[in-house]
Structures are given as structure tokens and as C-alpha cells.
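My plan is to look up one residue and one ligand site and to write down what I find.

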Amino acid sequence: MAGTIWVVGEVGADGSLAKLSIEVATLARSLAEAAGGDAAGIVVAADPSGAAAELARYLPRVVAVAEPAADGHAWAQVAAQRAAAILAAESPAAVLTGAGPDGRDVAGTLMALLDRPALVNATAVTWEGGGPSVQMSVFGGKLVTTSTFTDGAWGIVTVRPNVVTAEPAATPGAVEIRAPEADFPLPLVKVVDRIEEAAAALPIEEARVIVAGGRGVGGPEGFQLVQQIADALGGAVGATRAAVDSGWIPYAQQIGQTGKIVKPQLYLALGISGAIQHKVGMQTAGTIIGINRDPDAPITEFADLVVVGDLFEVGKALLEELGRRA
Amino acid sequence: MKIVVLTKPVPDPAAAAERLGPDGRLDRSASPSVINGNDEYALEAALKLVEAAGDGEVILVSMAPPNGIETMRKGLAMGAHRGVLVTDPALAGSDYGSTVAALVAALRQLEYDLVFAGFDTSDGVGGVIGAAVATKLGLPYLSSAARIEPDTASGTVRVRRISPTGFDVLEAPMPALVVGTQLLGEPRYPSLKGIMAARSKEIVTKSLADLGLDGGSIGGAAARTTVTGQEKPPARGATKVVRGTPEEGAKAIVELLAARRLI
Ligand SMILES: Cc1cc2nc3c(=O)[nH]c(=O)nc-3n(C[C@H](O)[C@H](O)[C@H](O)COP(=O)(O)OP(=O)(O)OC[C@H]3O[C@@H](n4cnc5c(N)ncnc54)[C@H](O)[C@@H]3O)c2cc1C
Ligand SMILES: Nc1ncnc2c1ncn2[C@@H]1O[C@H](COP(=O)(O)O)[C@@H](O)[C@H]1O
């Protein structure tokens with residue numbers, strides 16, 4: 001194989017590496033193995049040492065760019081211009097980023113800076129015939145397509161969360177710290193303030209179990225029951241747009257087309273009809289259970305189990321039943 | 001205040017009738033077309049900002065087949081002032097690179113303070129075009145916006161960007177490109193008056209030649225990605241429906257959880 005499979009690591013405002021990046025790195029390493037080639041990572045941050053060391057647990061080689069501008073500016077543009085300088089000097093076999101907000105921003109910017117094609121929102125990636133073969137779930141999950149780059153051209157692939165399980169390499173890789181090279185100037189955007197909001201204890205993208213509430217939950221009080229069941233199952237709380245629009249729960253917990261796409265082992269839906277725009281965010285969950293008083297709600301078409309009944313009555317009985325087992 | 005909103009006509013997800021043609025391209029005749037849901041949030045924000053400014057216009061720009069005009073009318077009925085539809089037979093089967101080139105060329109022919117794009121599209125789920133268009137045009141790029149506050153006096157725009165821990169407040173000089181989110185607020189429904197008014201609003205159609213682009217190096221002929229396969233996802237098992245007392249329901253849930261080793 002000619003070239004290296006590169007991963008652009010995503011770094012948060014606190015300098016930490018995103019969890020999605022170690023999944024993407026694990027994927028890149030296994031693709032490189034299949035291709036008989038190399039995998040490497042790029043980390044751009046004001047102080048990249050921590051994130052680079054973390055990424056190097058998963059990849060044989062990490063190039064870290066110490067970029068002061070990453071402090072106080074929107075991260076993705078800063079990272080993309082530095083990553084572009086590195087990638088332009090290499091001959092990559094492919095470039096992988098996460099398919100979350102930062103990864104998409106980096107991917108879109110790299111696409112334009114380096115004039116490369118992109119395959120997006122991968123649900124699985126294999127290496128075939130010298131390039132990535134990328135599966136995507138389209139049309140609300142009705143179809144899975146496989147796509148490749150044409151004529152062996154290299155391109156950028158964005159990867160969804162939970163496509164692979166992150167696994168460190170047997171031995172950590174080497175980190176090489178570089179000064180920024182200014183080959184791809186971009187207008188940088190200032191961060192003038194950071195506002196902290198009370199965030200959910202466990203981000204829903206990372207949760208193994210999600211208990212979600214919809215309009216049927218009836219109000220913020222109803223979400224206390226959802227939270228109790230989530231606590232009993234060791235899970236996180238999710239919601240539909242109807243619940244978010246009503247102001248019962250923050251947008252960060254919305255699942256669906258305009259919210260997050262999740263893939264937990266268990267998805268328990270309380271008072272959720274299962275509209276297509278919600279379904280696209282959770283249909284790949286391992287086990288889907290609904291509690292709904294309407295036996296004809298769309299969720300009965302794709303759940304494993306639907307209990308027909310009042311969610312408060314069934315929910316409380318469930319808490320008791322779980323308590324008895326604990 | 002002049003705002004361009006990039007709106008993509010997409011197959012209506014609610015109709016759930018989408019399919020690919022034998023060539024691996026979207027079969028656009030299979031499904032009714034609507035404005036991409038995420039673009040409506042951006043459009044709503046643009047309409048409110050221009051209303052608040054008291055002057056200016058909201059211009060829709062789409063790249064789509066000729067029937068994109070009908071979808072664009074819906075945006076004009078919501079209150080946008082005019083539209084530019086980039087359409088050309090050579091653009092069928094475009095990949096991201098060609099879509100970006102076409103949108104960039106259309107934007108170069110317009111004057112604006114801000115360009116808005118949606119968070120992603122329901123048919124493509126890329127969320128990459130906004131960043132690419134901004135980069136090609138050399139515009140500051142502000143993404144994941146929950147709030148957009150332009151200030152004409154200082155010529156800057158402030159955006160609340162959704163972050164993992166809350167919001168980052170971003171600031172950049174205008175013109176700039178902003179990618180919106182659902183948090184911008186519920187899009188309005190077109191009023192009857194709006195629907196009537198939309199009939200006489202201007203939609204200009206631009207071919208590749210009108211944009212100074214060459215059909216050989218853009219569009220389907222130049223696509224650098226290929227769909228090599230399509231299959232139905234593995235079917236989920238049948239749904240078990242349990243009716244009975246709350247206790248029986250709770251037991252059924254716990255039994256399934258235990259059987260699948262989830263508790
Ligand atoms: C562009 C666009 C994007 C969208 N994006 C999203 C998205 O990202 N995420 C999302 O979730 N939605 C999204 N939607 C909205 C989606 O179409 C649905 O409106 C929404 O998912 C419905 O939420 P819900 O299931 O909570 O409410 P409803 O559809 O109103 O369902 C409530 C359910 O609760 C049941 N119920 C009520 N009371 C009880 C009770 N006491 N006990 C038991 N059951 C009860 C009812 O039988 C019903 O089935 C989007 C829509 C559009 C147009
Ligand atoms: N064909 C198109 N015409 C107009 N705008 C588009 C088109 N494709 C994408 N966009 C814009 O770019 C955003 C992101 O698209 P995507 O990267 O394809 O998910 C959309 O929400 C639109 O605002």
C-alpha cells in the first residue's frame with residue numbers, strides 16, 4: 001500500500017482528546033493492518049502533549065502541532081489548516097475523522113483545502129482494492145450503501161461513534177512535536193467566551209444504556225422517573241425533540257435526525273411514538289424496548305418489546321422489580 | 001442585512017419512499033421533495049434577522065434538478081425574497097467537490113453579509129459542505145450555531161456554538177458563513193398570504209455555463225466517489241407486544257433484560 005492512513009484527533013477546549021478519536025484511531029490501525037501499511041495521527045492544540053500521548057496509545061505514530069492559536073479560536077479551523085500542511089507533504093492512503101461536529105468541520109475544511117473527495121458518516125469501514133470501502137446508513141436506516149473513492153484517489157472519511165470498540169495497541173507509538181507551518185492560511189474565528197451549562201453526567205453517545213423520554217412523559221417531573229430508571233440500569237437519559245422543544249430537558253440529550261445518533265446496547269423508550277426522525281438516531285441500538293399506551297405507535301414496528309400501558313405505572317413497577325433483583 | 005441561505009431539496013423523510021436508482025444515484029422521482037429540515041432552522045433565523053434589521057433580503061441558493069424550483073417556492077412562501085437555482089444536466093451524480101464548486105460559483109455572483117447553511121442533510125448526513133464552501137470563499141466559518149447575532153455597526157457576527165459542555169461564543173467579521181442548528185428555533189409555516197406572494201417572487205436558474213464552470217470537470221463525470229453496493233440492513237426480530245397489568249409489563253421487561261444479560 002502506498003501511503004499512510006491518517007487520523008485527525010479531536011481536542012476539546014480543556015486539551016483532552018475526544019473519545020471518538022480513539023475509536024477512529026483503533027479503526028485506522030486495523031485498516032492499516034489489513035492494507036499492509038501504516039497508520040498515524042495528527043493532534044493540534046496549544047499544548048498537544050496530553051492528547052498526543054493519549055492518541056499514541058492507539059497509533060504507532062502521532063505528529064503533534066503545538067499551535068498557540070488553538071487557544072482562543074474555534075478549534076476546527078486551526079486544526080484543519082495545520083493538518084492540511086502535514087497531509088500535503090505526505091501521500092496519505094486515507095484521512096479519517098469523527099463524524100461529530102468538530103470532525104465534520106475538520107473534514108469539510110480539509111476537503112476544500114486539499115481538494116479531496118469525502119465519504120461521510122461511516123457505520124463500517126473495510127479496506128478493499130487499495131482503498132477504504134465505506135458503509136453508510138441512508139434513508140432513515142432503510143438502506144445500507146457501500147462506497148469507495150474512484151480510481152484509487154485518496155479521500156476523507158468521517159466515522160460515526162461506536163463503529164469500533166477502542167483498543168490500545170500492544171505498545172504505544174512515538175510522538176513527534178512540531179511547530180506550526182503556515183501553508184494554508186484560513187480566517188480564524190475568535191472564541192470570546194465559554195459558557196458552561198450543567199451537562200448530563202454521562203454523554204448519551206457514550207452510554208451503554210439509554211432510557212429516553214418523549215412527550216408522553218408529560219413534563220420535567222416525569223423526567224425524574226426516567227432518571228430513576230436510568231440510574232437503576234446504570235444508563236443515561238435521552239429524549240425526543242418534542243420533550244426538548246417543551247423545555248423539559250436540554251438539547252444535548254436529544255436523539256434523532258437533528259439530535260445525536262446513538263448505538264447503546266439497550267434503549268428504553270418511555271412515552272415515545274417512534275417517529276422516523278427519532279428512529280434514525282437510535283435504530284441500531286442492541287435491544288429496543290418501548291413503554292407506550294398506544295398499541296399502534298410506530299415504535300411497535302421496530303422495537304424488540306413494547307409494553308402497552310401507562311408509562312408511570314409500568315415505570316414504577318419496573319423500578320420495584322429492578323430493586324427486588326438488586 | 002443580506003443573508004443567503006443554502007437550502008437543499010431532499011426526499012421527504014416522512015414519506016419514507018426514498019430509493020436509489022440502478023446507477024446508485026438517488027432516484028429523485030420516487031419521493032416528494034421538501035426543504036432539508038435543518039436548512040429550515042437556518043432559514044427561519046435569517047428571516048427573523050432581516051425582519052429585525054428592517055431592510056435587506058433573504059436569498060435562497062440551491063443546487064438541484066429543475067423541479068427544485070417547486071421546493072424553493074416553499075422557502076419563498078415562508079418569507080425569503082428570491083432564489084437562485086443552480087441546475088444543469090451535467091450536475092446529476094455530483095459528489096461533494098462538485099456541489100461545493102457549484103454553490104461557491106453561485107455565491108460569487110451574489111452580495112451578502114452572511115451565508116447560512118444547515119447542520120446536515122437528511123439524505124446525505126454529511127455536515128461537511130458548509131465548512132468546505134466557507135473555506136473556498138475565504139469566509140470565517142462559525143458552526144453549530146444555537147444563536148446568531150450580527151452587529152452591523154461593528155460589522156461583526158456573534159454566534160453561540162454548541163460545545164460539549166455548554167456554548168462557545170464565537171465572533172468574526174462579516175461576511176461570514178454560519179451553520180445553524182435546531183436551537184435557532186422552530187421554523188414558521190407559510191401563511192396563505194406568503195404562499196400567494198411566493199408565486200410572483202423571482203427564481204433565477206443558473207446553468208454551469210452561466211456560472212463559468214465547465215461540465216467536463218464538474219458533476220457526474222468528475223465524481224470521485226462511487227456507490228459499489230446497496231443492501232437492506234439486517235432485519236430486527238419481530239416485536240413482542242405485552243398487554244396486561246403494570247407488574248406484568250415490568251416483569252416482561254426485566255425478563256428480556258436478564259435474558260440478554262443487560263442486567
Ligand atoms: C426536520 C425535523 C427534524 C426532527 N428531528 C428530530 C430529532 O432529532 N429527534 C426527535 O425525537 N424528533 C425529531 N423530529 C420530530 C419528530 O417528527 C416527532 O415529532 C418527535 O420525535 C415526537 O416525539 P415524541 O415521540 O416524544 O412525541 P409523540 O409523537 O407525541 O409521542 C408521544 C407518545 O407517548 C405516548 N404516551 C403519551 N402519554 C403516555 C403515557 N402516560 N404512558 C405511555 N405512553 C404515553 C403516546 O401514545 C405517543 O406514542 C424532527 C422533526 C422534523 C420535521
Ligand atoms: N445541493 C445543495 N444545495 C444547496 N445547499 C446545499 C446543498 N447541499 C448541501 N447544502 C447545504 O450544506 C448543508 C450541509 O450539507 P451536507 O454536508 O450535504 O450534509 C445543508 O444543510 C445545506 O445548507
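Before I start, I note that a polar contact is a pair of N or O atoms within 3.5 Å. I also keep in mind that this model is predicted.

Entry one, the ligand. I looked up the polar contacts of ligand 1 and found that one of its oxygen atoms is 2.8 Å from an N or O atom in the side chain of Gln254(A), while an oxygen atom of the ligand is 2.9 Å from a polar backbone atom of Arg241(A). For a nitrogen atom of ligand 1, I found a backbone N or O atom of Arg293(A) at 3.1 Å. Taken alone, ligand 1 exposes 990 Å², and I noted that the protein buries 81% of that area.

Entry two, the surroundings. I found 27 residues around ligand 1, with Arg215(A), Thr240(A), Ser273(A), Gln277(A) and Asn292(A) as the closest. In this shell, seven residues are nonpolar, 15 are polar and five are charged. Which chains surround ligand 1? Residues from chains A and B do, so I recorded the site as shared between chains. At least two shell residues come from each of helix 6 (241-245) and helix 7 (276-279) of chain A and helix 1 (37-53) of chain B.

Entry three, a single residue. I located Ser122(B) in the loop between strand 6 (114-117) and helix 4 (129-137) of chain B. Is Ser122(B) buried or exposed? I wrote down buried, because its relative accessible area is 17%, and buried means under 20%. Beyond its neighbours within four places in sequence, Ser122(B) is in contact with Gln257(A), Val10(B), Pro11(B), Pro13(B) and Asn36(B).

Conventions:
Residues are numbered from 1 along each chain as its sequence is written. Chains are lettered from A and ligands numbered from 1 in the order in which they are written. This is a predicted model: local features need pLDDT of at least 70, side-chain atom pairs count only at pLDDT 80 or more; totals for chains, interfaces and linings use all residues. Side-chain values use heavy atoms; hydrogens and water are left out. Helices (H or I, at least four residues) and strands (E, at least two) are DSSP runs, numbered from the N terminus. Buried means under 20% relative accessible area, exposed over 50%, partly exposed in between (1.4 Å probe, protein chains only). Contact means heavy atoms within 4.5 Å. A residue is near a molecule or strand if one of its heavy atoms lies within 4 Å of it. A polar contact is a pair of N or O atoms within 3.5 Å; within protein, one must be able to donate a hydrogen and the other to accept it, and residues adjacent in sequence count only if both atoms are side-chain atoms. Accessible areas come from the Shrake-Rupley method with a 1.4 Å probe; for residues, only the protein chains shown count as cover. Ala, Val, Leu, Ile, Met, Phe, Trp, Tyr, Cys and Pro count as nonpolar, Asp, Glu, Lys and Arg as charged, and the others, Gly among them, as polar.
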